[in-house]
Amino acid sequence: MLALRAMIGKVAALAVAVVLATPAAAPAIAQDESGFQAYLQTLGRQAVAEGVTRRTVDRVIPTLTFNARVVELDRQQPETRPNAPISPFEPYRVKHVDAARIGQGRSAYQRQRPRLARIERETGVPESIMVAIWGHETNYGRVMGGFDLPRALASLAYEGRRRDLFASEFIATLKMIDRGVPREKLVGSWAGAFGGPQFLPSVYLRLAVDGDGDGLADIWSSEADTLASIANYFVNAGWRPGQPWGIAVRVPDGFNRAAIAGRTTAPRCPRVHERHSRWKTIAEWRALGLVPQGRAWPADNVQATLLEPDGPGRTAYLLTGNYRVILDYNCSNFYALSVGLLADEVER
């Protein structure tokens, strides 16, 4: 649970003569509110310049007040520490691929089979991968956040540290209203993600789809829209049908890791990708003595990279290009591995 920011201490009482001579200082929140309201006018003009209707701007902007809580939560996020030690994966796996999440995932999988099968036929994205993303993001639709999105995003934009990002996402929420999304639907996490897939507004505009034919991509209330939108995201990110995300393997004793070390630096999430080996075909990995654990080898010509998330001597993984697609959704090895492992358990 994130701790609340310490409250600003009260100023000691002034002498009566000073109080009579000096106007009372405005509370900090009032000062923030005043500046926020002025900033909203700038946001409104920017939104109109980017194609949002004046009607939507005039409808939403006057209803917003500054939300100090979302700024607190944003400031409490851990900073990226390039040289910080990497934690072991196993405790994360135990917590995120647990019996409850597996059981609920299997129930959702069986309940949604006709719908999932249709989406997989149309997109090539496996049913179990859709369910695993849904389970990791919102516990199968149970936890989707309760923050008003326009208010949260405008407040984060006003705070200024990532103004361009949050201002852009705020304007995207207004475009959603212009597209017919009801204002009351715009509720989600404090940082602006929402619905079953936890899309940001800009992602919703690009990739959310209507999976049940009612005319609205309702990823808050419609499981069909949620699952179809997750699949559409994966198609857009380059999912390759018929190829697994990866397989668990045992690496032989005395394996020469220096010989397969990666040589390139990824432009996005370099610390995530620097843990991966260079790419080799499955046939080449087999020749190096790796042994699959629990699943058959993919085709010999499939390219894969090796990751040992808990170090030598523990379970390792050969990861295909489809693993990179999961990383596109959330660039964390622990997240992507857990999604893959949960998907395997759901369909087992």
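**Disulfide**

A disulfide is a pair of cysteine sulfur atoms within 2.5 Å. The structure, a predicted model, holds 1 disulfide, formed by C269 and C331 with their sulfur atoms 2.3 Å apart. C269 lies in the loop between β3 (246-250) and α13 (270-273), and C331 in the loop between α15 (321-329) and α16 (333-346), so the pair ties together parts that are 62 residues apart in sequence.

C269 is partly exposed at 23% relative accessibility, whereas C331 is buried at 17%.

**Basis of the values**

In this predicted model, local features need pLDDT of at least 70 and side-chain atom pairs count only at pLDDT 80 or more, while totals for chains, interfaces and linings use all residues. Residues are numbered from 1 along each chain as its sequence is written, and side-chain values use heavy atoms, with hydrogens and water left out.

**Overall architecture**

The secondary structure comes to 16 helices and 7 strands; helices (H or I, at least four residues) and strands (E, at least two) are DSSP runs, numbered from the N terminus. Of the 348 residues of the protein, 46% count as buried. Among contacts (heavy atoms within 4.5 Å) with a separation of 6 or more, 72% are made by residues 24 or more positions apart.

**Packing of α12 and α15**

Helix α12 (residues 223-236) packs with α15 at an angle of about 120°, their axes 9 Å apart. Axes are lines fitted to C-alpha atoms, for helices over the stretch in contact, and angles run from 0 to 180 degrees between N-to-C directions. The two helices are therefore oblique to each other; angles under 35 degrees count as roughly parallel, over 145 as roughly antiparallel, 65 to 115 as roughly perpendicular and the rest as oblique.

I230, Y233 and F234 of α12 make the contact with V325, I326, D328 and Y329 of α15. These residues divide into 6 nonpolar, no polar and 1 charged (Ala, Val, Leu, Ile, Met, Phe, Trp, Tyr, Cys and Pro count as nonpolar, Asp, Glu, Lys and Arg as charged, and the others, Gly among them, as polar).

**Surroundings of L306**

L306 belongs to strand β6 (residues 303-307) and is buried, at 4% relative accessibility. Leaving aside neighbours within four places in sequence, the contacts of L306 include V249, F255, W285, L290 and Y317. R275 is also in contact with L306; the two are 31 residues apart along the chain, and their C-alpha atoms are separated by 8.5 Å.

How values were computed
Buried < 20%, exposed > 50% of the residue type's maximum accessible area, 1.4 Å probe, protein only.
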